[in-house]
Amino acid sequence: MSEPAGPEEEPAEVGAPAEAEAGAGAEGRPRRRWRIPILSLVPIVAFAALLGFGLGRDPRLVPNALVGKAAPAFALKDLRSGRVITLSQLRGHPVVINFWASWCAECVQEHPNLFATWQRYGNAGVVFLSILYEDSPGKAAQFERQLGKGWPDLDDPGSRTALNYGVRGVPETFFIDRRGIIRFQQVGPSTYDLLNTRIRAMLPSAQRGRLEAAAP
Amino acid sequence: MSTNGRTSGPRGGHDARRAPTIAERTRSRPAFTTMGLALAGAVVAGALVLVATKGPSAPLTVNERVQQIASGLRCVACQNLSVADSPSKMALAMRTEIGHQIRSGKTPDEIRDYFVARYSDWILLSPPASGLALVAWVAPALALALGAVALAWALRRKRPGRPSADAPPTPAERARIRRELAMLEEPD
């Protein structure tokens, strides 16, 4: 004990006789000792919360900004007939546009659902169109021979129409009502129920009733 | 570092027999350092402003303009690459589209709007300074400011607490000194 230690610095070294002081220190000190660790935790926790929020969201699940707006026009060649199909000539019909590729497993998976809904609504004025995405016409033709497709399959050179529709990948399916407005966009494979519901929503109620009566 | 300057006080450099070194001169005149730094800063800032406002003298080719716009857009097929950097087919299609639009006379802003209209703000690599994305712009500055405040606060608090030989002992310290002296004097 050559030199008195600063009582402010090290209250723990206060000897037994300094009971009054030790008591005073016990009152003020512990609280202060915890304040800095706790305060320094605040930005860490805030940052972790921000990360958790950001990483918890699927960055691909961003709604297409075109839903509710007019569907972009196109004039594309049907791979089978060579006929050019434009969207404007289909005004007055609900249109289902399916972007797909033969290399895409989910497209293969959803194909029977598209086929079944096409069989059901194709004769009721609903137009089905497929637009090929980053694939060769030869492979598309092979896919159709194997799995069957009764509706036009359009070639989209340079993916210009896919870009114009804000497509991120395949499969994606757009439901365009009779006035040419995009009502819904399905990202990923479509189930039969989803196709059924979305197509019916675009039909006038009288027609919906007739289809209901005809359905088994 | 000679001890000469240190032992003879702050003006030691001038009293020394030999000529003062640059380090000593600048130490004795902090204004010199500050002025030098300010001058260097001004030169750098001036150069930056010149480059930012004038840009390269030659007009950009269509390809360079495509690259410029593409580098600010997110590739839609691959998440964390720009359209300029991605080798994917979709990015190529986007670059081609940007080229088409530049040739048809659209401005870079119009082209960016074209993509935002389809892919929303998600397509922009730097988020817009509005809405939730504002956090990305404000948070770093806010964190820096808070850190500076916390640092200043901590430094201010620490200074009075530091034991100083000049400061008179507080009544509590006086009492303790008296007690401990008494303990030393008392045999056992």
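Author: From strand 6 of chain A, A:E172, A:F174 and A:I176 point one way, A:T173 and A:F175 point the other way, and all are buried. A residue is called buried if 20 or more other C-beta atoms lie within 10 Å of its own, exposed if 12 or fewer, and partly exposed in between, with C-beta atoms placed from the backbone. Strands (E, at least two residues) and helices (H or I, at least four) are DSSP runs numbered from the N terminus. In a regular strand the side chains alternate between the two faces of the sheet. Five of the five residues of strand 6 of chain A are buried, so this strand is largely enclosed by the rest of the structure.

The model is predicted: local features need pLDDT of at least 70, side-chain atom pairs count only at pLDDT 80 or more, and totals for chains, interfaces and linings use all residues. Residues are numbered from 1 along each chain as its sequence is written, while chains are lettered from A and ligands numbered from 1 in the order in which they are written.

Next come the neighbours of the strand. Strand 6 (residues 172-176) of chain A is joined to strand 7 of chain A by five bridges, and the two run antiparallel. Two strands count as paired if DSSP finds at least two bridges between them. Along this pairing, A:T173 has A:Q186 as its bridge partner, and A:I176 stands opposite A:I182. The hairpin of strand 6 and strand 7 of chain A has five residues between the strands, and A:G180 there takes a positive phi near 85 degrees.

Strand 6 of chain A is also joined to strand 3 of chain A, again by five bridges and in the antiparallel sense. Here A:N98 stands opposite A:T173. Strand 3 (residues 95-100) of chain A in turn runs parallel to strand 4 of chain A, with six bridges between them; A:V95 stands opposite A:V127 in strand 4.

Strand 4 (residues 127-132) of chain A is mostly covered, with six of its six residues buried. Strand 4 of chain A pairs with strand 5 (residues 153-154) of chain A in the parallel sense over two bridges, and A:S130 stands opposite A:D153 in strand 5.

Put together, five strands of chain A form an open sheet of mixed pairing in the order 5-4-3-6-7. Strand 5 and strand 7 (182-187) of chain A stand at the edges with a single partner strand each, so one side of each is left without a neighbour in the sheet.

Strand 3, helix 2 (residues 105-121) and strand 4 of chain A make a right-handed β-α-β unit, and so do strand 4, helix 3 (residues 137-147) and strand 5 of chain A. Right-handed means that, with the strands pointing away from the viewer, the path from the first strand over the helix to the second runs clockwise. Helix 5 (residues 192-201) of chain A lies across strand 3, strand 6 and strand 7 of chain A, at about 170 degrees to strand 7. Such angles run from 0 to 180 degrees between N-to-C directions, with axes fitted to C-alpha atoms, for helices over the stretch in contact; contact means C-beta atoms, placed from the backbone, within 7 Å.

Technical notes
Contact = placed C-beta atoms within 7 Å.
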